[in-house]
Amino acid sequence: LAATQPSTNWHLKENAREHHTNKFSSEELIVRRGQDFRITFNGTEKPEQNLIFLAETGPKPSKATKTLATFGISSTVSKEGWSAVLQSTSSNSVSISISSPHNAVIGRYKLSVQIGSSSPASLGTFVLLFNPWSSGDDVFMPNKAECEEYVLEEFGIIFAGNKNRISGFGWNFGQFQGDILNICLSIMDRSLYYRQDPVTDVSHRHDPRYLGRVLSAMVNANDDRGVVLGNWSGKYEDGKNPSSWTGSGEILQSWKKSGFKPVKYGQCWVFAAVLTTVLRCLGIPTRTITNFSSAHDADENLRVDEFYDADGNHLERGADSIWNFHVWNESWFTRNDLGPSYSGWQILDATPQEQSGGIYQCGPASRYAIKEGEVDLDYDCPFVFAEVNADCMYWNYDSATGKKTLIFSKSTEIGVSISTKAVGGDNRVDVTSDYKYEEGSAKEREIFKKARKKLGLEDKFDPTAPTQEEIEQKPDISGKFKVAGSLEVGKDLNLLLVLENLQSDAKTVNVNMTAWSTLYTRKPVNEIWKDSISVTLAPKEEKQFPIKIKYPEYLQQLTTDKTIQVTALCHVEDGIQVLVQRNITLDNPAIDIQVLGEAKVNKEVVVEVAFTNPINTEVKDCVLQVEGSDLLQGILELRIPPLKASEKSSTKFKLIPSEAGPKHLLVNFSCDKFADIKTFKMVNVIN
């Protein structure tokens, strides 16, 4: 006798509240593993009959792969597997509390019940996620405020700029909005790992270490037609400029809408932000980390080589580079494969830089292993270690002869001001000391040596390395660039080149200077300016040389990263060359947001955005983009009429907040002269 189709009450509200899933707007039950949830169903004539439940996930559910569980009613929750405990019964309905194990596979499950000897009847589907609130889970995070921030917070601040001038911009992770959870589930089902062996892939989905690695590959489009296509050319006409995005939602929705075609375009913070959204959505505590002066060591020798020609132009030679900043992720979970001291924050990097295991994926690398120089541990520790620790070598390269000469080397240049957003606040927290011992300390050099030794670099002769003699040579002069005045797009750039004679006899110096617009990766894009001077420095004398680069000179050449590299290569007569360089990031003009009146749930509130054109020419093609989880649906785009010199524009629009609490509104203003002026405002929504 087949049972009639039971109807199920999933107790969506109370289960969601208990499981910290009430921010999802879903008609489907979403719960976390290792914790019980309640359901009630009817259609059972005699509830005291034998009830057998089936929970199954993946393409070929089986007990062997832990993707199928069958369990009856028991009096207590099982420590090991799935279990069901009877809560109450009435004439034709049963209320049951179902528990999953702490290490259950996550994903969408089908739940069925078999009554007596009849065939199983479907109760429906539910989604099971990681549970950082549960002490048995690999992602357990004991600090509740950190759980709130790293799993439930939809707003983030990503730090950028350069080590001399750190700035931050807001990002809407939006992990609980609309269809994002379903998109995250389909990301897992489109990975190379799943395509090659779906059964094995699904069976590994209990492990945050496995999923973190798989998703670091899927967020970039390389290898697997993943979510975002990287582009570091400075030309983005056939897609969106990476710096124009303000949240992950639009990117993930576009990927799905286009039939899973990679979204154009991303750079490091876009990959990191999208990975944050996906991992937070699945319940793995995750944050973005910005590393300033970040090394990209392509050949695993813990050394980054930069080349300059005689005129001081930065040459794109060799695969190594130093980025003004690089953004990656840290996710929180245990490392049962390495041991307890390696648990906690793990580094994942979805930016496609180098292949790992034949695929563009990176991590998880234990942050503790990086600090201790344990570069032989899984995964990708040598690459991450180099990002924060590599030594820098600056070379003069003569293309005619192919000869290279070391200008100088530096071991304290890389990996500074490693930054993340504070828990529950908008300020920057410096985590550099979690990645390495104090720069220049004996312990830091000892760890560097240990890492070199583990990579087999100590014993191997490296013909490309400078000689000890080259490293120890002492320059006769020193130099630096000082900023004089403001660093703003639309204003002239004023610098001072300061040269000092370190010797007690006079020195003649020929100085070749260049300024190039660059990407944030320091890739040179356009030459802006060059000049050369010849100077004589009296013994121990210091001289200053003013440099002015006018706004019209750099306006056309500037990239949307607003970065300029200024270089002076000083040829000292009868001495060694001295390289003076500075990477400058210009600030955009300010934009102002005001919320006019009180923000209340389901009530209209007016917001005003004001911008004043700071330059003495008209700006046109002005567009304002606005987004914010729980404040408005999707993205609002407003076109603004052209603005004359010094003219102020004021744009008003309405919001209808859908949820109470502190929410963030993100605004991005662009026009023909200024790209992506970003700001955000916290809006406190009351009931």
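Me: Why is Cys-268 called buried?

Reply: Buried stands for a relative accessible area under 20%, exposed for over 50%, and partly exposed for what falls in between, with a 1.4 Å probe and protein chains only; Cys-268 has a relative accessibility of 0%, so it counts as buried. This is a predicted model, in which local features need pLDDT of at least 70 and side-chain atom pairs count only at pLDDT 80 or more, while totals for chains, interfaces and linings use all residues. Residues are numbered from 1 along each chain as its sequence is written, and side-chain values use heavy atoms, with hydrogens and water left out.

Me: Which residues does Cys-268 touch, and in which helix is Cys-268 found?

Reply: Cys-268 is found in helix α8, residues 268-282, where helices are DSSP runs of H or I with at least four residues, strands are runs of E with at least two, and both are numbered from the N terminus. With residues up to four places away in sequence not counted, Cys-268 touches Trp-232, Trp-323, Phe-325, His-326, Val-327, Thr-351 and Tyr-520, a contact being heavy atoms within 4.5 Å.

Me: Which residues does the "active site" annotation cover, and what makes them gather at one spot?

Reply: The UniProt annotation, from an unreviewed entry, covers Cys-268, His-326 and Asp-349; its positions are given in the numbering used here, feature names are shortened, and annotations may be inferred rather than shown by experiment. Although these residues span 82 residues in sequence, no two of their C-alpha atoms are more than 9.9 Å apart, so they gather at one spot.

Me: What joins the side chains of Asp-349 and His-326, and is Asp-349 buried or exposed?

Reply: The side chains of Asp-349 and His-326 are joined by a polar contact of 2.7 Å, a term for a pair of N or O atoms within 3.5 Å, where within protein one must be able to donate a hydrogen and the other to accept it, and residues adjacent in sequence count only if both atoms are side-chain atoms. Asp-349 has a relative accessible area of 3%, and is therefore buried. Asp-349 is found in the loop between β18 (344-348) and β19 (365-366), and among its contacts beyond four places in sequence are Ser-216, Gln-361 and Glu-387.

Me: Why is the pair of Phe-37 and Phe-126 called tilted?

Reply: By the ring rule there are 31 aromatic pairs. Rings of Phe, Tyr and Trp (its six-membered ring) pair if their centres lie within 6.5 Å, and planes under 30 degrees apart count as stacked, over 60 as edge-to-face and the rest as tilted. The centres of Phe-37 and Phe-126 are 5.3 Å apart and their planes stand at 50°, so this pair is tilted. Phe-37 lies in strand β3 and Phe-126 in strand β9, so the pair ties together parts that are 89 residues apart in sequence.

Me: What makes the pair of Trp-269 and Tyr-520 edge-to-face?

Reply: The planes of Trp-269 and Tyr-520 are at 65°, with 5.3 Å centre to centre, and this aromatic pair is edge-to-face. Trp-269 in helix α8 and Tyr-520 in the loop between β26 (507-518) and β27 (524-537) are 251 residues apart, and both are buried.

Me: How do you know that the charged end of Arg-445 sits over the ring of Phe-448?

Reply: The rule asks for NZ of Lys or CZ of Arg within 6 Å of the ring centre and within 35 degrees of the ring normal; the charged end of Arg-445 is 4.5 Å from the centre of the Phe-448 ring and sits over that ring.
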